[in-house]
Amino acid sequence: MLSDIVVALSLIYALLIIIFTGGAMTSRYRTRGQYRPRVSIIVAARNEERYISQCLESLLRLTYPRELLEIIVIDDRSDDSTAAIAQGYVKAHPHVRLLHSLPESGHLRGKTNAVTQGVEAAAGEIFMFTDADCRVPPGWVEGIVQHYGDDRVGTVAGFTSLKGGDWFSRMQALDWFVLFSAAAGTARMGFPTTAVGTNLSVRREAYEKVGGYRKIPFSVTEDYALFHAVTKQGGYRARIPMDPETLVESSPCSTIQELYHQKKRWFTGGRGMDAKSILVFVIPYLFNLSLLVALFALPWPTFVAALGAKLAVDFGFCLPSVVRFRRPELLLVFPLYSLYYFLYVLIYPPLVLSGGKVVWKERTFQKQR
């Protein structure tokens, strides 16, 4: 009986990953290349004195017409020199603005509060979001906004690459590519699941239609909450192109503790997923759980066959993004990534459901209800 369950889950999991791989590989779209809307780039920064200059320097190298572009930095109540550094750029570049986050009000807490103030001060037809520890490529804006030539598209996200050559950084980078590939694949197939605020954009019309963050319930993953509202409540289409022109670079977590808190925040923020999105995560969880049971309860040939099938399809799923973004060195950490992925898929769902707090950017949030 158990062996039949393991075999069945192996086949379902393999089919799911193969479908996602196909979706990710076809995440290229016909676009309206000459579309030139006014764009507002919004960067919420909290205690980012280490990175804010690199972020702003990359934004100043954007090739999008300067007269159609504004950059809004919101100092999210930093207690370091983040605001002072940003102010230096404001003085030298008229299209760069600095806002200071107002006190939190109601459900507008943490980063959500800062981003809301940035959006409400913005003049653009398209809002683009990135984080203060990110660096964007020169063609980022052109690469993203061309997708908005289709009026049905309400949100466009891009991939994010994590820098660093050590094993810990590469493991996280490969994990991010896999997660973005899954998001790109589901979006291509018409049921978008998630996006990440390091590389996210939304049409103003779509943002206003869903009431913006003032109407969206609070989430510790405000980027997912906005993406979900626009695609589900607003009825707009989403695109997540696998496009080197829009690949943003960010920094990995530096410690295991920081990575633990990041993953917990992501899983906690995803508790409001719809049925299709939940199924995408339930299948890997059940399959990994069955593998753990099979390790101790089934003959070795059955366990090895199921594990081999999993590793084969997982490796195949890594290839499109690794090849597309020319990061073949990430495949060297695939064995480590596989163990890491296996563990966090098993650990985090029950951990999040059991309650507890979410810690991020020196702030603590209670579990969402």
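Let's start with charges: this structure holds eleven salt bridges, a salt bridge being a side-chain nitrogen of Lys or Arg within 4 Å of a carboxyl oxygen of Asp or Glu. Before going on, keep in mind that this is a predicted model, where local features need pLDDT of at least 70 and side-chain atom pairs count only at pLDDT 80 or more, while totals for chains, interfaces and linings use all residues. Residues are numbered from 1 along each chain as its sequence is written, and side-chain values use heavy atoms, with hydrogens and water left out.

One of the salt bridges joins E249 and R135, at 3.0 Å from N to O. E249 sits in strand β9 (residues 248-250) and R135 in the loop between β4 and α5 (140-145), so this pair ties together parts that are 114 residues apart in sequence. (Helices, H or I with at least four residues, and strands, E with at least two, are DSSP runs numbered from the N terminus.) E249 is partly exposed at 31% relative accessible area, whereas R135, at 13%, is buried; buried means under 20%, exposed over 50%, and partly exposed in between, using a 1.4 Å probe and protein chains only.

Now look at D175 and K263, whose closest N and O atoms are 2.6 Å apart in another salt bridge. Here helix α6 (residues 167-188) holds D175 and helix α10 (residues 256-269) holds K263, so the link ties together parts 88 residues apart in sequence. D175 is buried at 0% relative accessibility, and K263 is buried at 2%.

K310 and D314 also meet in a salt bridge (2.9 Å, N to O). Being four residues apart in helix α12, they are separated by about one helical turn.

Next comes a network of salt bridges that links K111, D131 and E222. K111 and E222 turn up again at the largest cavity: along with V115, F129 and G197, they lie nearest its centre among 13 lining residues. A cavity is a set of points on a 1 Å grid over the protein atoms alone where a 1.4 Å probe fits but cannot get out, and lining residues have an atom within 4 Å of a point. The volume of this cavity is about 80 Å³. β1 (39-45), α4 (110-121), β4 (126-131) and α9 (222-233) each supply at least two residues of the lining.

Helix α11 gives the largest share, nine residues.

Methods: On a 1 Å grid over the protein atoms alone, a cavity is a set of points where a 1.4 Å probe fits but cannot get out, and a pocket is an open set with protein on both sides within 12 Å along at least five of seven lines; lining residues have an atom within 4 Å of a point. Grid points are joined across faces, edges and corners, and a volume is the space filled by probe spheres set on the points.
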